[in-house]
Amino acid sequence: MADTLIRCGWRGMAGDPLYEAYHDTEWGVPEYDSRALWEKLVLDGFQAGLAWITILRKREAFRAAFDNFDPEKVARYGEADRARLMADAGIIRSNAKIDAAINSAKIYLAMRDAGEDFSEFCWGFVDGKPLQTGAVSIGDVPAQTPLAVEVAKALKAKGFKFVGPVIVYAWMQAVGMVNDHLTCCFRHDKVQKVVR
């Protein structure tokens with residue numbers, strides 16, 4: 001039986017089981033777990049200049065390479081770990097992005113130690129509730145928004161890297177801070193009903 005589900009019209013998704021599964025089960029679902037939000041922000045940083053499917057295909061390798069994104073472990077990475085990561089063909093090998101990931105773990109822990117919950121910090125920009133955009137077509141979905149610019153500035157002020165407004169908006173969509181599933185997509189209404 002042919003797949004009759006109507007999905008968002010992402011380029012390259014149709015017929016790719018991994019991409020479709022990500023769209024159908026994960027993308028846009030509100031994520032409130034601080035560690036998971038941080039992991040996704042790091043992965044979106046690695047995406048800079050690349051297609052998301054590249055990162056998605058390497059996600060399990062990233063998790064293995066970065067100790068399942070345990071910020072306590074990643075924050076302690078030294079030169080041997082950097083060399084190990086740069087030699088790992090399973091991930092994106094970029095000194096700048098690896099350094100940014102390690103540094104972001106330190107920032108995440110510093111925020112936590114100062115009593116600032118990462119999830120509350122992130123979700124505070126949308127008052128704890130996903131924004132519903134009502135996008136009808138892919139052309140209605142922007143690459144960035146004024147809010148993404150604001151969030152990017154706040155993250156940069158904390159010291160995060162690879163958090164420009166385009167990356168930040170993609171992350172906000174992925175973690176459900178913004179519901180950009182098209183209104184015709186079978187996931188739109190389901191995601192819209194997810195509440196904390």
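## Helix packing and ring pairs

Phenylalanine 118 is buried, with a relative accessible area of 2%; buried here means under 20% relative accessible area, with exposed being over 50% and partly exposed in between, using a 1.4 Å probe and protein chains only. This is a predicted model, where local features need pLDDT of at least 70 and side-chain atom pairs count only at pLDDT 80 or more, while totals for chains, interfaces and linings use all residues. Residues are numbered from 1 along each chain as its sequence is written, and side-chain values use heavy atoms, leaving out hydrogens and water.

Let's stay with that phenylalanine for a moment. Phenylalanine 118 forms a stacked aromatic pair with phenylalanine 121, at 6.4 Å centre to centre and 25° between the planes. For rings of Phe, Tyr and Trp (its six-membered ring), a pair needs centres within 6.5 Å; planes under 30 degrees apart are stacked, over 60 edge-to-face, and the rest tilted. Both residues sit in helix H7 (residues 118-123), and because they are three residues apart, about one helical turn separates them. Helices (H or I, at least four residues) and strands (E, at least two) are DSSP runs, numbered from the N terminus. Phenylalanine 121 is buried too, with a relative accessible area of 14%.

Where else do rings meet? A search of the whole structure turns up 16 aromatic pairs. In one of them, tryptophan 10 and tryptophan 27 have ring centres 4.7 Å apart and planes at 85°, so this pair is edge-to-face. It ties together distant parts of the chain: tryptophan 10 lies in the segment before helix H1 (17-25) and tryptophan 27 in the loop between H1 and H2, 17 residues apart. Both tryptophan 10 and tryptophan 27 are buried. Ring pairs also link up a cluster, whose members include Trp38, Phe46, Tyr108, Phe118 and Phe121.

Now for the helices. Two packed helices are described by the angle between their axes and the distance between the axes. Axes are lines fitted to C-alpha atoms, for helices over the stretch in contact, and angles run from 0 to 180 degrees between N-to-C directions.

| Helices | Axis distance | Angle |
|---|---|---|
| H2 (residues 34-47) and H6 (residues 95-113) | within 10 Å | roughly 160° |
| H8 (residues 146-158) and H9 (residues 165-174) | 8 Å | about 105° |
| H1 and H3 (residues 52-65) | within 10 Å | roughly 95° |

H2 and H6 are therefore roughly antiparallel. Angles over 145 degrees get that label, under 35 is roughly parallel, 65 to 115 roughly perpendicular, and the rest oblique. By class, the contact of H2 with H6 has seven nonpolar, four polar and two charged residues. Nonpolar covers Ala, Val, Leu, Ile, Met, Phe, Trp, Tyr, Cys and Pro; charged covers Asp, Glu, Lys and Arg; the others, Gly among them, are polar.

Glutamine 47, in helix H2, is buried with a relative accessible area of 16%. Leaving aside residues up to four places away in sequence, glutamine 47 touches Trp52, Ile55 and Lys97.

H8 and H9 are roughly perpendicular to each other. Their contact includes Leu147 and Leu155 of H8 and Trp171 and Met172 of H9, and by class has eleven nonpolar, no polar and no charged residues.

H1 is likewise roughly perpendicular to H3. Here Leu18, Tyr19 and Tyr22 in H1 meet Trp52, Ile53, Leu56, Arg57 and Arg59 in H3. That contact has six nonpolar, no polar and two charged residues.

Note on methods: Contact means heavy atoms within 4.5 Å.
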